[in-house]
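Please read the following points alongside the sequence and the coordinates. They take up helix packing, strand pairing and the contacts between the molecules in turn.

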Number of protein chains: 2
Amino acid sequence: MSRASEQAYSQIRGMILSGALPPGDQIREEWLAEQCGVSRTPVREALRRLESELFIRRSERQRSFVADWSLDDIEDAFVLREMMEGLAARRAAGRITSVQLASLKAENEAIGRAVSADVPDVHAFLKHNKSFHEIILDAAASARLTNLLARLIEQPVVWRTAQSYDVSDLQRSHREHNELLAAFARKDGGWAESVMAGHIRRAFHTYSDAHLGKKPRSAIS
Amino acid sequence: MSRASEQAYSQIRGMILSGALPPGDQIREEWLAEQCGVSRTPVREALRRLESELFIRRSERQRSFVADWSLDDIEDAFVLREMMEGLAARRAAGRITSVQLASLKAENEAIGRAVSADVPDVHAFLKHNKSFHEIILDAAASARLTNLLARLIEQPVVWRTAQSYDVSDLQRSHREHNELLAAFARKDGGWAESVMAGHIRRAFHTYSDAHLGKKPRSAIS
DNA sequence: CCAATGCATAATGTATACAATAAGCTGCGC
DNA sequence: GCGCAGCTTATTGTATACATTATGCATTGG
């Protein structure tokens, strides 16, 4: 994507993720153009993309609104992600190279360091976690799968989930990654798929526990 | 989508599907604009959409080309579709209304008529088959699933598959739909999922048989 | 007082001019 | 003859003006 378009895209997306644009709000192209310091043309392009990624929804009358996700929507997203990341893990197990396996190990060691400190480094966790999953998707070698998953893993709710992680959640995530590494090392696709599916499913429950007022564990910050 | 954008989208898509724009060909925005009788603005919008649907790929230097799919790409698409339509069927089984079930039956009866004639009506088959699958997706009631599947089922290869269907394939498809109806009537999600997955998987083999020179059966036309 | 119609306003859709960038070509130096 | 530099042309990116369409309000008729 070109300069102005990319600028508009990441800025609008940031406003949605940060909550500066609350769910349900109507947004006007011209206003966004002013905010981003570009013309309406690249803003429109960014909006179309955000719409296809379900960050934004449009009314029948062509007005744009910040998407407002129900808990059911969120569970849908997790179920699909579970299925697709499971498939990715299965495929990856049969294709992963020793170089990729080594990179995966390195990322998970970085995750281990981030979660074992007295005060866990959530930012580092997120960064290496992202890399970890990206390497797997890469090893799965399916452009289409990558394409579809990209629409899920970057979505607002999934993103915010990590923010509500507990120390013990982060550490469990680290251990589950180790299970995945073992499955990959043995090229056991079925095992990798099961571990991955459980890993994603747990993330959903962590999310729903934290967001339904049940909070059975203490929050990090 | 608005008038000119929609015009550009469907016309370009049609040129790709019909082969008027062969895979690998570079396409220029201005030329397309002339062809479609609109300006570059709606053409660019259509191109972005076609790119996200993998009809078109763009080089690192922002040139657009008609996508060229390998057999592996095609199998990927079928595997994903199998997984997602399977999920849709499972969800639909638990949610389908009697009205939707009646519509499904009606569509499949229309399919039955189309395939039992001396010369099968392929066009009618395609139309009612599409409606049949859409009703299921509707009953599954997951906006996200609908969104993702839309990117798969409309893709060129999947589309052309139906063109290479044999009379016996069409009739088998009709029978498999009846199995699905039985599973829905009993609200048996697991059964529905299995039947649907097999249904899609068979479509892949029909495609690959027809396109690898193996043609074990006679072609329709 | 309610409803419907038409006008005013505001938003999105499209065309076009211009800017930036990539590709291709020509000629020069080696 | 080969390769690279710089210019020329072709193509995409952005801004803006204008067209079209939706929305809300006011006014009028019932």
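**Notes on the model**

1. The axes of helix H9 (residues 167-185) of chain A and helix H10 (residues 189-211) of chain A come within 8 Å and cross at roughly 165°, where axes are lines fitted to C-alpha atoms, for helices over the stretch in contact, and angles run from 0 to 180 degrees between N-to-C directions. That makes H9(A) roughly antiparallel to H10(A), given that angles under 35 degrees count as roughly parallel, over 145 as roughly antiparallel, 65 to 115 as roughly perpendicular and the rest as oblique. H9(A) passes H10(A) in a left-handed crossing (a crossing is left-handed if the near helix is turned anticlockwise from the far one by less than a right angle, and right-handed if clockwise). Helices (H or I, at least four residues) and strands (E, at least two) are DSSP runs, numbered from the N terminus.

2. This is a predicted model, in which local features need pLDDT of at least 70 and side-chain atom pairs count only at pLDDT 80 or more, while totals for chains, interfaces and linings use all residues. Residues are numbered from 1 along each chain as its sequence is written, and chains are lettered from A and ligands numbered from 1 in the order in which they are written.

3. On the H9(A) side of this helix pair, A:Asp169, A:Glu176, A:Glu179, A:Leu180, A:Ala183 and A:Phe184 meet A:Trp191, A:Ala192, A:Val195, A:Met196, A:His199 and A:Thr206 of H10(A), two residues being in contact if their C-beta atoms, placed from the backbone, lie within 7 Å. The residues of the contact of H9(A) with H10(A) comprise seven nonpolar, two polar and three charged, where Ala, Val, Leu, Ile, Met, Phe, Trp, Tyr, Cys and Pro count as nonpolar, Asp, Glu, Lys and Arg as charged, and the others, Gly among them, as polar.

4. For H4(A) and helix H6 (residues 122-140) of chain A, the axes come within 7 Å and cross at roughly 70°, which makes H4(A) roughly perpendicular to H6(A). The contact is made by A:Ala88, A:Ala89, A:Arg91, A:Ala92 and A:Arg95 of H4(A) together with A:Ile136, A:Leu137, A:Ala139 and A:Ala140 of H6(A), and its residues divide into seven nonpolar, no polar and two charged.

5. The axes of H2(A) and H3(A) come within 9 Å and cross at roughly 110°, and the two helices are therefore roughly perpendicular to each other. Here A:Glu29, A:Glu30, A:Leu32, A:Ala33 and A:Cys36 in H2(A) meet A:Arg40, A:Val43, A:Arg44 and A:Leu47 in H3(A), a contact whose residues are five nonpolar, no polar and four charged.

6. Chain A has an open sheet of three strands in the order E1-E3-E2, with antiparallel pairing, and two strands pair if DSSP finds at least two bridges between them. Strand E1 (26-27) and strand E2 (56-58) of chain A stand at the edges, each with a single partner strand, so one side of each is left without a neighbour in the sheet. Three bridges join E2(A) to strand E3 (residues 64-66) of chain A, and A:Ile56 has A:Val66 as its bridge partner in E3(A).

7. In chain B, an open sheet of three strands likewise has the order E1-E3-E2 with antiparallel pairing. E2(B) and strand E3 (residues 64-66) of chain B pair over three bridges, and the bridge partner of B:Ile56 in E3(B) is B:Val66.

8. The contact between the protein chains takes 17 residues from chain A and 17 residues from chain B. On the side of chain A that touches chain B, the elements giving two or more residues are helix H3 (40-52), helix H4 (71-95) and helix H7 (143-153) of chain A, and by class that side has eight nonpolar, three polar and six charged residues.

9. DNA strand C is surrounded by 18 residues, the closest being B:Ser2, B:Ala4, B:Ser39, B:Thr41 and B:Arg61 (a residue is near a molecule or strand if its C-beta atom, placed from the backbone, lies within 6 Å of it). Helix H2 (29-36) of chain A, together with helix H1 (3-18) and helix H3 (40-52) of chain B, each supply at least two residues of the surface near DNA strand C, which divides into three nonpolar, seven polar and eight charged residues.

10. Around DNA strand D there are 20 residues, of which the closest are A:Ser2, A:Ala4, A:Ser39, A:Thr41 and A:Arg61. The residues of the surface near DNA strand D divide into three nonpolar, nine polar and eight charged.
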